[in-house]
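Please look over the sequence and the structure below, and then follow the questions, each of which is worked through to a value or a name.

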Amino acid sequence: MKLFDYRCVDDYGKDYYLFFLKTKTYTALQMSFNICEYPGWPHLQITFGGGRLFGMFAYAWKFGFDLDLFSHTWRWDD
């Protein structure tokens, strides 16, 4: 278990990920902030269930923010 972890990914912009209390399969709190190359329509998405206790995604123009509480750990195939 890691108390704190982070990651930065370049994929049509910059994505910054923060993890708190991370295990191999679950994380207590994970957040991401992204700056996209292409603008888009603003939207807000709130989710319950589907592998998470609570999730929120907000996007406006070129900026996005994602927050998940007690969810499956976001993974990348390196």
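Q: What share of the contacts in the protein chain with a separation of 6 or more comes from residues 24 or more positions apart?
A: The model is a predicted one, and its secondary structure comes to zero helices and four strands, which follow the pattern β-β-β-β along the sequence. Among the contacts in the protein chain with a separation of 6 or more, the share that residues 24 or more positions apart account for is 35%.

Q: What radius of gyration does the protein chain have, and what would a compact globule with 78 residues have?
A: The C-alpha atoms of the protein chain fill a box of roughly 35 × 30 × 20 Å along the principal axes. For 78 residues, a compact globule would have a radius of gyration near 12 Å, and the value for the protein chain agrees with this, being 13 Å.

Q: What percentage of the residues of the protein chain count as buried?
A: The accessible surface of the protein chain comes to about 5700 Å², and carbon and sulfur atoms hold 65% of that surface. Of the 78 residues of the protein chain, the part that counts as buried is 28%.

Q: Is Asp5 buried or exposed?
A: Asp5 is found in strand β1, which covers residues 2-10. Leaving aside neighbours within four places in sequence, Asp5 is in contact with Tyr17, Leu18, Phe19 and Lys22. Because buried means under 20% relative accessible area, and Asp5 has 15%, Asp5 counts as buried.

Q: Which residue's side chain makes a polar contact with the side chain of Asp5, and in which strand is that residue found?
A: The polar contact of the Asp5 side chain, at 3.0 Å, is with the side chain of Lys22, and the two side chains also meet in a salt bridge with an N to O distance of 3.0 Å. This pair links distant parts of the chain, with Asp5 in strand β1 and its partner 17 residues apart from it. Both residues are buried. The residue asked for is Lys22, and its strand is β2 (residues 13-22).

Q: Which residues are linked with Asp5 in a network of salt bridges?
A: Asp5 forms a salt bridge with Lys2, where the closest N and O atoms are 3.8 Å apart. Lys2 is partly exposed, with a relative accessible area of 45%, whereas Asp5 is buried at 15%. Asp5 also meets Lys22 in a salt bridge, and the residues linked with Asp5 in the network are therefore Lys2 and Lys22.

Q: Which residue meets Lys14 in a salt bridge, and is that residue buried or exposed?
A: The structure holds four salt bridges, and in one of them the side chain of Lys14 takes part with an N to O distance of 3.2 Å. Lys14 counts as partly exposed, at 34% relative accessibility. Its partner has a relative accessible area of 59% and is exposed; that partner is Asp10.

Q: Which element gives the most to the nonpolar patch?
A: The nonpolar surface patch, of about 700 Å², is made by Met1, Leu3, Phe4, Tyr6, Leu18 and Leu21, and the elements that give two or more residues to it are β1 and β2. Tyr6, for its part, is found in strand β1 and counts as exposed at 59% relative accessibility. The element that gives the most, with three residues, is β1.

Terms used: Residues numbered from 1 in each chain as written. Predicted model: local features only at pLDDT ≥ 70, side-chain atom pairs only at ≥ 80, totals over all residues. Heavy atoms only, no water. Buried < 20%, exposed > 50% of the residue type's maximum accessible area, 1.4 Å probe, protein only. Polar contact = N/O pair within 3.5 Å; in protein donor to acceptor, adjacent residues only side chain to side chain. Contact = heavy atoms within 4.5 Å. Rg over C-alpha atoms; globule rule 2.2 N^0.38 Å. Areas by Shrake-Rupley, 256 points an atom, 1.4 Å probe, with all protein chains shown as cover. Patch = residues over 30% accessible without salt bridge, like charges linked within 9 Å, V, L, I, M, F, W, Y side chains within 5 Å.
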